[in-house]
Amino acid sequence: MIRWPISPFIASATCLLTATSVAQDISPRIIDGTTATSNDWPYMTALVAKGASAYEGQFCGASYIGDHYILTAAHCVENVSKDDFDVIVGINNLNNELNEGVRLPAQQFYIHPDYDSDSLVNDIAIIELPRVLTTNEAIPVQLADANTRAATPVGASMTVAGWGSTTPEYGNHTTSAQLLEVTVPMVDQGTCATAFRGVSSDVDSENFCAGNSFEGHDSCRGDSGGPLVLGNSGTQLGIVSFGSMRCGDASSYGVYTNISKYVEWIDQITSGLSYSQYSFAGYTGLGSSSHDFTFTNLSADALTYTSAQPWFDNTFITENSCATKGTLNKGESCVVRVSFNAQMYGAEYLGITFNYQQNGQSRSVDSGARYEVAMQASSELSEVFSLEGVTVYTNDKPWQAASSGIRTAPITHNERSTVIFDDLSPGHYELKVRVSSESADPLSIYINGVEYYGVGGQFTDEVQVYLPAVRNRIKFEYHKDGSIDEGEDAAYLLSFRKVANPSATSGLKRIEGGGGSFGWLSLLVLLPLLRRNK
């Protein structure tokens, strides 16, 4: 099943790229389900791509847990920005969003600090809303306590709901706008551990299985993040996480994040401290810069600041209104300013650990940010491909306009030549690259800060990528190692254009043989084909 989010988000591609480390042929749906009523699922929530309709944009499920907070799976929101999606709380039929549910932006979201995108261990996240919902808008689900999982016997009846794929096989994605539900029994933990490598046989572990040994009755792709509730109480015990690639396959089961394992973490995140867990903060030049980390108290309980520590020795706290204020009452904010000295082009990471007390309990959170140390390129580079509204950045070895497209700067051993296209609109893009180097001198491509591949050698490739975010950036970086020169020691971007009507195979053909290929990008091409279409 995985409950891979059926969305164009790059997070999905990351999961797909690492899927074999969870289990062979894993995937995320409701198979053999029945119609669910809004009365039974008043907390049901859809995660929807920004700017898209509920039906076209829904990619994951979630549940409203009260106050400002939504509970979902970490893999639904990893590697995306809070500006890329909305939540629709209390919706039942995705084609009826004008009359059902309330649509709100994500104010912040928090992924469990020990989440592992390879194994999907600790696959849990909380989304913070800009306001509290009224009881007329949604009724929160009751969450399991620390003892619920151990007290739930094998065979106990549970129900899962979602708008995910209704067809078992991967690649044949059909869905229902109507919320569906299916009843599945708790599976013996040892049996679950045998079925899925990486799942523990301990009943108090991070996840568990539910489902039947015979085929059918399962959650599936697009159901990720949705709630699994105990049939006798309506208490949410699980979050749809992953499963077999063919949903509902015999003896495959569905794997769910065990909420009982995370009671303390959920309690801390929902205690009312609002902050940015991690963000891309933009671009800066060489030299001194600073970043403001903001903390806001959303709760009725006062928060008392105790200390803040920068993560790295080369960063320093230069202003701290949190220390000056001491206590934050409801609605109050404070700022910790961290200064840093960027000495090299490339990614610059900084962060702080913020310590505070609430109701006599000591707590701490981590808040991080990433900058790209770069300089704005001449308009010549942005004009080469006629990409509208795009800003181009480079390092100190800027790419250059060539007779066809652009190419890397002449560089020598242990140097890098970088170009970044920023503010790219969402959609499909086709690009053509040529590399002429030794195999150890790679051209790497980063999409929205995530490196998807680096390959060197002698080759030309045409590839197609999908950029899902409201604002996107692609970074091309050619890196020479400390030895051997071969070929032209250069990389070329020969074409880069947005396309309106891509095909499933367009741009995936290798044009010339050589040292590498970007066939890995075919995964990014497949993702939009899995979206829900009317």
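**Aromatic pairs, an open sheet and a pocket**

Phenylalanine 354 and tyrosine 356 are both buried, where buried stands for a relative accessible area under 20%, exposed for over 50% and partly exposed for values in between, with a 1.4 Å probe and protein chains only. The model is predicted, so that local features need a pLDDT of at least 70 and side-chain atom pairs count only at pLDDT 80 or more, whereas totals for chains, interfaces and linings use all residues. Residues are numbered from 1 along each chain as its sequence is written, and side-chain values use heavy atoms, with hydrogens and water left out.

A pair of aromatic rings is described by the distance of the centres and the angle of the planes. Rings of Phe, Tyr and Trp (its six-membered ring) pair if their centres lie within 6.5 Å, and planes under 30 degrees apart count as stacked, over 60 as edge-to-face and the rest as tilted. By this rule the count comes to 21 aromatic pairs. The pair of phenylalanine 354 and tyrosine 356 is tilted, because the ring centres are 6.1 Å apart and the planes stand at 35°. Phe354 and Tyr356 also belong to a cluster linked by ring pairs, together with Tyr110, Tyr275, Phe295 and Tyr305.

An edge-to-face pair is formed by phenylalanine 421 and phenylalanine 476, with 6.2 Å from centre to centre and 85° between the planes. Phenylalanine 421 lies in strand β29 and phenylalanine 476 in strand β34, so this pair ties together parts that are 55 residues apart in sequence; strands are DSSP runs (E, at least two residues) numbered from the N terminus. Phenylalanine 421 is buried with a relative accessible area of 1%, and phenylalanine 476 is buried with 0%.

Strands β29 (416-424) and β34 (472-479), along with β23 (346-358), are the elements that give two or more residues to the lining of the second largest pocket. The largest share of this lining, four residues, comes from β23. The lining holds 21 residues, of which Met344, Tyr345, Gly346, Ala347 and Arg416 lie nearest the centre of the pocket.

Elsewhere, seven strands form an open sheet with antiparallel pairing in the order β7-β6-β3-β4-β5-β9-β8, where two strands pair if DSSP finds at least two bridges between them. The edge strands, each pairing on one side only, are β7 (102-105) and β8 (108-111). Strand β3 (residues 44-49) is joined to the antiparallel strand β4 (residues 58-66) by five bridges, and threonine 45 stands opposite alanine 62 in β4.

Conventions
On a 1 Å grid over the protein atoms alone, a cavity is a set of points where a 1.4 Å probe fits but cannot get out, and a pocket is an open set with protein on both sides within 12 Å along at least five of seven lines; lining residues have an atom within 4 Å of a point.
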